[in-house]
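This briefing goes through strand pairing, ligand surroundings, the nonpolar core and backbone angles, in groups. Please read it beside the structure shown here.

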Amino acid sequence: ARITLRQLLDHAASHGYAVPAFNINNMEQGIAIMQAAAEVDAPVIIQASRGARSYAGDLMLSHMIDALERTYPDIPLCMHQDHGNDEATCASAIAHGFTSVMMDGSLKADAKTAADYDYNVAITRRVVDLAHWVGASVEGELGVLGSLEHGGGEQEDGHGVEGKVSHDQLLTDPDQAVDFVRATKVDALAIAMGTSHGAYKFSRKPDGDILAMRVVEEIHRRLPNTHLVMHGSSSVPQPLQDMFNQFGGEMPQTWGVPVEEIVRGIKSGVRKVNIDTDCRLAMTAVFRKVAAQARSEFDPRKFLKPAMDAMRELCRERFEQFGTAGHA
Ligand code: G3H
Ligand code: 13P
Ligand code: NA
Ligand code: ZN
């Protein structure tokens with residue numbers, strides 16, 4: 001059954017768990033998530049980026065979600081727009097059956113100028129108004145995703161910000177978070193604590209200098225009733241890096257967000273945890289393995305079925321680690 005982000009995260013907050021939000025672009029990823037959820041009785045957040053919508057097409061994507069919902073009628077399903085960049089993107093997502101949208105008004109902001117902040121408040125507030133009229137939820141974002149380690153921000157597309165900004169400018173400011181939530185009435189707030197999108201988050205296992213979970217704790221202390229969202233939360237597991245490289249991949253050693261740090265966040269109001277890279281890596285490491293080990297194979301299903309299985313395993317693990325399991 002389709003539910004909103006607000007309904008799901010309210011339930012998660014009252015039971016002390018978080019929900020992983022997995023990105024999809026295709027049928028195999030959708031099936032992997034739903035199979036994992038069904039195995040452990042977890043509610044799901046499926047999210048699609050603007051890139052996913054143009055890759056699959058809105059019609060294909062929305063009918064696929066309908067099919068997943070009907071195939072797994074007992075699994076509560078929130079369909080969410082990841083990193084919406086304007087009102088039109090959010091409105092058209094809702095028109096295609098999304099029950100939740102992210103209005104990322106921080107996308108435009110290279111640094112925390114007052115004008116950037118005012119823009120973010122104004123556009124997020126407009127999206128909240130339109131979404132709430134039709135019963136959909138809204139996630140806003142405040143802060144810049146980007147590496148504290150390298151002293152630079154990134155834009156949400158993973159490209160570096162011109163004229164790098166300081167650590168303090170990357171991290172979400174707790175005072176501003178209080179003001180932003182009050183001014184916009186968002187249902188959930190994405191905050192920046194040092195994570196970034198993609199595989200290359202940290203060049204060592206992160207400590208408090210480069211992964212500032214204290215920011216999450218401080219914002220939760222100030223906004224105890226606000227659902228917090230962690231982006232860039234793939235863990236980039238070593239076994240997946242190893243498999244990818246063992247079969248001809250070239251991924252330099254990298255570190256993601258340790259699951260225990262996410263679990264710490266869940267104790268401080270984190271209710272939605274965005275994961276895309278881990279799912280991509282699980283699937284493509286298996287593609288490489290099949291390509292290397294069955295060199296005459298050309299049936300795509302022989303690649304896609306084990307890739308789907310690997311993603312399903314990854315999703316099930318996160319449902320268990322984040323306490324989502326058992327709450328469907
Ligand atoms: O926001 C980042 C997500 O991983 C989606 O990535 O824009 O390549 O689909 P994408
Ligand atoms: P990862 O690249 O760490 O999986 O983050 C995904 C994300 O934040 C999507 O919005
Ligand atoms: Na941002
Ligand atoms: Zn993100």
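**Ligand shells, core and strands**

Two elements, α3 (50-56) and β3, each supply at least two residues of the shell around ligand 1. The model is predicted.

**Ligand 1**
- Nine residues surround ligand 1, and the closest are Ser49, Gly51, His83, His197 and Asp276.
- Sorted by class, this shell holds one nonpolar, five polar and three charged residues.

**Ligand 2**
- The shell around ligand 2 has 14 residues, of which His231, Ser234, Asn274, Asp276 and Thr277 are the closest.
- β3 (77-84), β8 and α12 (277-293) are the elements that give two or more residues to this shell.
- Its residues divide into one nonpolar, ten polar and three charged.
- Asp276 is listed among the closest residues for ligand 1 and also for ligand 2.

- Strand β6 (residues 188-191) runs parallel to β7 and is joined to it by four bridges.
- Between these two strands the chain passes through helix α9 (residues 213-222), and this β-α-β crossover is right-handed.
- Ala188 stands opposite His227 in β7.
- On its pairing with strand β8 (residues 270-275), β7 is again parallel, over three bridges.
- In that pairing, Met230 stands opposite Val273 in β8.
- In a regular strand, side chains alternate between the two faces of the sheet.
- In strand β7 (residues 227-230), His227 and Val229 point one way, Leu228 and Met230 point the other way, and all are buried.

**Nonpolar core**
- The largest nonpolar core has 95 residues, and Ile33, Val101, Leu189, Ile191, Ala282 and Met311 touch the most other members.
- Helix α13 (residues 300-321) gives the most to this core, with eight residues.
- Leaving aside residues up to four places away in sequence, Ile33 touches Phe22, Ile24, Val44, Ile46 and Cys315.
- Nonpolar side chains tend to be buried together in soluble globular proteins.

- Asp41 is a residue other than glycine with a positive phi, near 55°.
- Asp41 lies in the loop between α2 (27-40) and β2 (44-48).
- Asp41 has 14 other C-beta atoms within 10 Å, so it is partly exposed.
- His83, also not a glycine, has a positive phi of about 50°.
- His83 lies in strand β3.
- His83 counts as buried because it has 24 C-beta neighbours inside 10 Å, where 20 or more are required.

Conventions
Residues numbered from 1 in each chain as written. Chains lettered and ligands numbered in written order. Predicted model: local features only at pLDDT ≥ 70, side-chain atom pairs only at ≥ 80, totals over all residues. Buried ≥ 20, exposed ≤ 12 C-beta atoms within 10 Å, placed from the backbone. Pairing = 2+ DSSP bridges. Right-handed = clockwise from strand over helix to strand, strands pointing away. Near = placed C-beta within 6 Å. Nonpolar A, V, L, I, M, F, W, Y, C, P; charged D, E, K, R; others polar. Core = buried A, V, L, I, M, F, W, Y, C linked by C-beta atoms within 7 Å. Contact = placed C-beta atoms within 7 Å.
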